[in-house]
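Work through the exercises below with the coordinates open. Each task is followed by its solution.

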Amino acid sequence: MHDHRRLGRELDLFDTDPLMGAGLPYWLPDGAIVRHTLEEYIRDAERRAGYRHVYSPALGKRELYEISGHWDHYGDDMFPPMDLGAEQVLLRPSLCPHHALIYRSRSHSYRELPLRMAEVGGMYRSELSGVLGGLTRVRAITLNDAHIFCTLEQAVQEARAALELIGRAYADLGIRAARYRLSLPGEGGKYVADPELWRRATALLREVLDGSGIPYEAAEGEAAFYGPKIDVQITDPAGRESTLSTVQIDFHQPERFDLHYIGPDGAKHRPVMVHRSIIGSVERAVAHLLEEHGGAFPPWLAPVQLAVLPVGEEQFEAAHALAGRARELGLRAEVAGPDQGTLAARIRAARLVPYQAVIGGREAAAGLVAPRLRDGRRPEVLPGAELLRRVGDRVAARGPGLWDPS
């Protein structure tokens, strides 16, 4: 059973320091590569799906979160206000109020909708020390977030398209959903009191799930304070369940922020706000990937994709030349020479690297390499350029597969 905290330290991906504080991990170079690659994958997937990216600040005035409802309904999970002169500012617990303001800053026609706004942005939760752990429960969160402003008629299709994006990402990452949950409100004052908005949003999400043919379970008490949501649930090796991805339909915040668009009749109309996150927080996604794959990331996501292993010092020049060509092609390659141990020891040390290229005297003389795959397969000796082409093709194709023999 894999523990992402142990793997993260063994593989030099991330760590913590008491002077930085609990729940505030830092990323080491290899971990930063995984994180950056994952973030760029998400941004690329979103661009292809018609999203436009923004940046917004991690601070906001208290008044902003009073309008959104976070201060009243989510205040226990927020850090205390900071006094700045006559104003109070807070670390944001969510990106949606900022995106609502960005939408409101310009007038919009119905012809612009759906308007898909995305950001990989930081937010902060005042988690208690007793529940913090590794990357799964942290105080500084990097969220893959997006908000779609659309007409009522467009909401179901936009939410369904978001579920499809989530499915494609899971396939590329080599992970799977344990189950889908329709999260509904429960008892108490945690939720916005507007039964009609809850009814409308719930009906739309049921239509999304039923139309997608996805089995799901309804669960009371799991909704966001402002509306119901579809939660994509995952399980860790110990069987513990958590939410990775979400899709929500929100009528509340468009009302609170007085959002509108100009319809074909020339009048103002209220948009629907679809919240969606493909991989949720980057931290939790990396934690799950580590535990799902035991540190053997899919080739496109691995911090080192190709380990070049010269048998002796005589092949050092050929090894560095191959690694240099790999880097020019955008691959992440490193040379592990004889100074790092015997060939067998270096092969073991690179056991999580998707591809190894062994270069002995005969291979160096002929411009060849002997490939080894981390699953134990050893394809035939082939030219270095051909190995780089095949590795590059697999990386570009994404997904968990290692080798295409053609």
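**Exercise 1.** Find the ring that lies under the charged end of arginine 398.

Solution. The charged end of arginine 398 sits over the ring of tryptophan 300, 5.7 Å from its centre. The criterion is NZ of Lys or CZ of Arg within 6 Å of the ring centre and within 35 degrees of the ring normal. Arginine 200 likewise lies over the face of phenylalanine 251, at 4.2 Å from the ring centre.

The model is predicted: local features need pLDDT of at least 70, and side-chain atom pairs count only at pLDDT 80 or more, while totals for chains, interfaces and linings use all residues. Residues are numbered from 1 along each chain as its sequence is written, and side-chain values use heavy atoms, without hydrogens and water.

**Exercise 2.** Classify the aromatic pair of tyrosine 41 and tryptophan 300, and locate both residues.

Solution. Rings of Phe, Tyr and Trp (its six-membered ring) pair if their centres lie within 6.5 Å; planes under 30 degrees apart are stacked, over 60 edge-to-face, and the rest tilted. Tyrosine 41 and tryptophan 300 are 4.8 Å apart centre to centre with 40° between the planes, a tilted pair. Tyrosine 41 lies in helix α2 and tryptophan 300 in the loop between α9 (282–293) and β16 (306–310), so the pair ties together parts 259 residues apart in sequence. Helices (H or I, at least four residues) and strands (E, at least two) are DSSP runs, numbered from the N terminus. Both tyrosine 41 and tryptophan 300 are buried (under 20% relative accessible area, 1.4 Å probe, protein chains only).

Methods:
Buried means under 20% relative accessible area, exposed over 50%, partly exposed in between (1.4 Å probe, protein chains only).
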